[in-house]
Amino acid sequence: MSQYISKIDSERFGFLVAKFNHWEVPPHELITHLKNEKVKLIITRLPAEDLATINTLETHGFQVKDTQLTYGYRIKNLPFTQIKIPEHIEIREAIAEDLPQIALIARHSFQNYGHYFNNERLNIEKTNEIYEDWALRSFSNKEIADKFFVASTNSEVAGFLTFKCYQNHGQTCAKGGVGAIAEPFRNQQIFRLLVQYGLLWGKLGGLDWQEHNALTTNYAVGKVFTSLGFYNAASFVTLHCWLD
């Protein structure tokens, strides 16, 4: 059963949470098995086109909690070799001294965001910790992120964006992880600058592909990606099911 259990979610919420994206066992069998093992909540994410499985899960009590788009970019198509960064902004790798500000930005930026927040039975204080914890672990854990970029002005962090590298069918790729902009710096094109910087980093590093995930309803972020030449490469549905 351990391959189905999310250790971090189980520890955070104080009960067993199963989290997985591949239904290799018929849903009714796996649901019964997990219920017998005292799992209280199942979280799963499926490609939006897998309607047969999504509909089957809905008959077992699963509910849609968010929908996401993957925005992809083939690095060889990158049309620019430099970006114009305002003089008062520096884009660099994060350092330990940035972490308190990064934690605050993440906590304030992701209130009421995503599938955890859309599950009214989950403790709101615990869900408020998720993105903050993700951002902090992205700095210290290479299994979560390989690059952590910040945009700063003087000693103030204006925003950040992380990346995790991976191989896919012989291609070198990077997936955007967690990113956010501090409220005083929003609507100043800083997120766009971070995304552009990430693309240049990818090109210089010999990447073939780069991608970011965002909620389908996060229209502002989607506009940034599409304006830079990203295209919708995939879509996913996240579902939750309580077993009690």
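**Helices and cores: a quick chat**

Modeller: Let's start with two helices: the axes of α4 and α6 come within 7 Å and cross at roughly 145 degrees. Axes here are lines fitted to C-alpha atoms, for helices over the stretch in contact, with angles from 0 to 180 degrees between N-to-C directions. Helices are DSSP runs (H or I, at least four residues) and strands too (E, at least two), numbered from the N terminus.

Biologist: What sort of model is this, and how are residues numbered?

Modeller: It's a predicted model, where local features need pLDDT of at least 70 and side-chain atom pairs count only at pLDDT 80 or more, while totals for chains, interfaces and linings use all residues. Residues are numbered from 1 along each chain as its sequence is written, and side-chain values use heavy atoms, leaving out hydrogens and water.

Biologist: OK, which residues of α4 and α6 meet?

Modeller: From α4, Leu 99, Ile 102, Ala 103, Ala 106 and Arg 107; they meet Tyr 131, Glu 132, Ala 135, Leu 136 and Phe 139 of α6. Contact means heavy atoms within 4.5 Å.

Biologist: And which residues of α6 are buried?

Modeller: Ile 130, Tyr 131, Glu 132, Ala 135 and Ser 138. Buried is under 20% relative accessible area, exposed is over 50%, and partly exposed is in between (1.4 Å probe, protein chains only). Their cover includes α1, α4, α5, β5, β6 and β7.

Biologist: Switching topic: which residues touch the most other members in the largest nonpolar core?

Modeller: That core has 57 residues, and Ile 102, Phe 160, Ile 190, Phe 191, Leu 194 and Phe 230 touch the most other members. A nonpolar core is a set of buried Ala, Val, Leu, Ile, Met, Phe, Trp, Tyr and Cys residues joined through side-chain atoms within 4.5 Å. Helix α7 gives the most to this core, with eight residues.

Biologist: What does Leu 194 touch?

Modeller: Leaving aside residues up to four places away in sequence, Leu 194 touches Ile 91, Phe 149, Val 150, Ala 151, Gly 159, Phe 160, Leu 161 and Ile 181. There's also a second, separate core of 17 residues, including Phe 20, Trp 23, Leu 30 and Leu 46.

Biologist: What about Glu 87, buried or exposed?

Modeller: Glu 87 counts as exposed because its relative accessibility is 86%. You'll find Glu 87 in the loop between β3 and β4.

Biologist: How far is Glu 87 from Ile 54?

Modeller: They're 33 residues apart in sequence and 49 Å apart in space, C-alpha to C-alpha.
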